[in-house]
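Thanks for coming. I will take a few local features of one model in turn, and give the cut-offs as we reach them.

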Amino acid sequence: MLAGRAPPGAADCCRRFLAAGLRPLLCGLPPCWATARRAAGQWPSPGLRVPEAAEAERLVQQVQQVPRTGVLLRRFIACPQLAHTVQRCLQDGACPGPQPLLLECAPGPGILTRTLLNAGVRVVALESNSAFLPNLQSLENSLDGQLKVIYGDFFRLDPLVTGTVKPPAMCSDKLFETMGVAAVPWRADVPVKIFGILPQKKERNTLWRLLFALYECSSIYKYGRVELNIFVSEKEYKVLTAKPGEARAYQALTVLWQVGCEIQLLHKEPWSSFLTNLKNGGLAVPKSTWLPNDHLCLVRLTPQQNLFTGGLKPTNSATFIFMVKQCLAKPKSRLTDRLNSWSLDNGGKLLRELEIPKNAEARNLYPEDYRRLFEALQNSSMFTETWFHDEVLESISNINL
């Protein structure tokens, strides 16, 4: 027998041993290590092929082209490198232990979907264009529960309509039931992560709708502190993160999002990196006169655990929102003048107690100052006797979003 050669029959034993170890994988039944990873919310990589940008562009052109009237402009991630960057951003800073489900809104050609799956993320793909569904559903069927595909539109969630909700619009209750996500207490860990690119035409309106849902603990926030990871235009990012005194950028939207959420910039990407469904393949970059707008910004919005401690509660949050909007309707106006307009004769005394300068302008108050002012007003006996609450009830349904 030559040195280094296996004895007769050893090769057969090795083959039988390897076959026994590989059989669970070949039969679709994961071995114990894979089961443990799945239990921790970490799936083994399925090794999916990620199409190149040109292939994704051809798919989008075949599936959907925007006519002159009708279909809403959409942007897609078509570049594998950008998809990999977004995947790393979404998983960056993840705590040890089971990871929350990730809801991907409007995946389109599925470039990011495949990248997330290859990274071991459990994904729910929510797609509103039925033409993209066959490709996504074929991918779903090739996997063992790591991907779930749902026909629906996240940006038409919980529409204010009577009667039956027609797809792709849908109710958040139905969405979360289908995903298998149950409600958790507000101070619990994040129950689900959401990724999406805000529609350009509805960007500001969507931010306001999400803001109302956050403060009222309704829609997606009825299930806990849902984490949003969204691409917004650079000009809206500048508004969300503005500092007191910054002309044009510091707005009511700024104050309310900064009080409600921890805001983190994950990545900035030029508009040219995204694919659109425009017929001519144009970028359709929105114009901005006063604020920079050269990028789309991936922003993480994580609701504050202590949002509803103190005097602020979901039941009075509409009043808080209205108060901030009223104060910043005229940013240069003095806060004492605004308080006096609400029939508060002791406005100056209230500001002194809060250590806010008497001549302070509305645009110079920090977000937490507005929260402290609101809580002080809630404790004021005179405040409850004014017409302010009636004004809120009359105006909140027609508030200018």
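Let me begin with a definition: a residue is buried when its relative accessible area is under 20%, exposed when it is over 50%, and partly exposed in between, using a 1.4 Å probe and protein chains only. By that rule Arg-363 is partly exposed, because its relative accessibility is 25%.

Some ground rules. This is a predicted model, where local features need pLDDT of at least 70 and side-chain atom pairs count only at pLDDT 80 or more, while totals for chains, interfaces and linings use all residues. Residues are numbered from 1 along each chain as its sequence is written, and side-chain values use heavy atoms, with hydrogens and water left out.

Now salt bridges. A salt bridge here is a side-chain nitrogen of Lys or Arg within 4 Å of a carboxyl oxygen of Asp or Glu. How many salt bridges does a search of the whole structure find? It finds eleven.

Arg-363 takes part in one of them, with Glu-361, at 2.8 Å from N to O. Glu-361 is also partly exposed, since its relative accessible area is 22%.

Glu-127 and Arg-74 form another, at 2.9 Å from N to O. Helices and strands are DSSP runs (H or I, at least four residues, for helices; E, at least two, for strands), numbered from the N terminus. Glu-127 sits in strand S3, residues 123-127, and Arg-74 in the loop between helix H3 (53-63) and strand S1 (75-77), so the pair links distant parts of the chain, 53 residues apart. Are these two buried or exposed? Glu-127 is buried, because its relative accessible area is 0%, and Arg-74 is buried too, at 13%.

As background, an α-helix has 3.6 residues a turn, so residues three or four places apart point the same way. Arg-372 is partly exposed at 32%, whereas Asp-369 is buried at 17%.

Next, helix packing. H14 (residues 367-378) packs against helix H11 (residues 317-327) at an angle of about 120°, with the axes 11 Å apart. Axes are lines fitted to C-alpha atoms, for helices over the stretch in contact, and angles run from 0 to 180 degrees between N-to-C directions. The two helices are therefore oblique to each other; under 35 degrees counts as roughly parallel, over 145 as roughly antiparallel, 65 to 115 as roughly perpendicular, and the rest as oblique. The contact (heavy atoms within 4.5 Å) includes Phe-320 and Met-323 of H11 and Leu-373 and Phe-374 of H14.

Helix H5 (residues 111-118) is mostly covered, with seven of its eight residues buried. Just after H5, Gly-120 has a positive phi of about 85°.

Last, the backbone. Most residues other than glycine have a negative phi, and most peptide bonds are trans. Where is there a cis peptide bond? One joins Pro-167 and Pro-168, with omega about 10°. Ala-284 has a positive phi of about 55° although it is not a glycine, and Ala-284 is partly exposed at 31%. Glu-355 has a positive phi near 60°; Glu-355 lies in the loop between helix H13 (347-353) and H14 and is exposed, at 71%.
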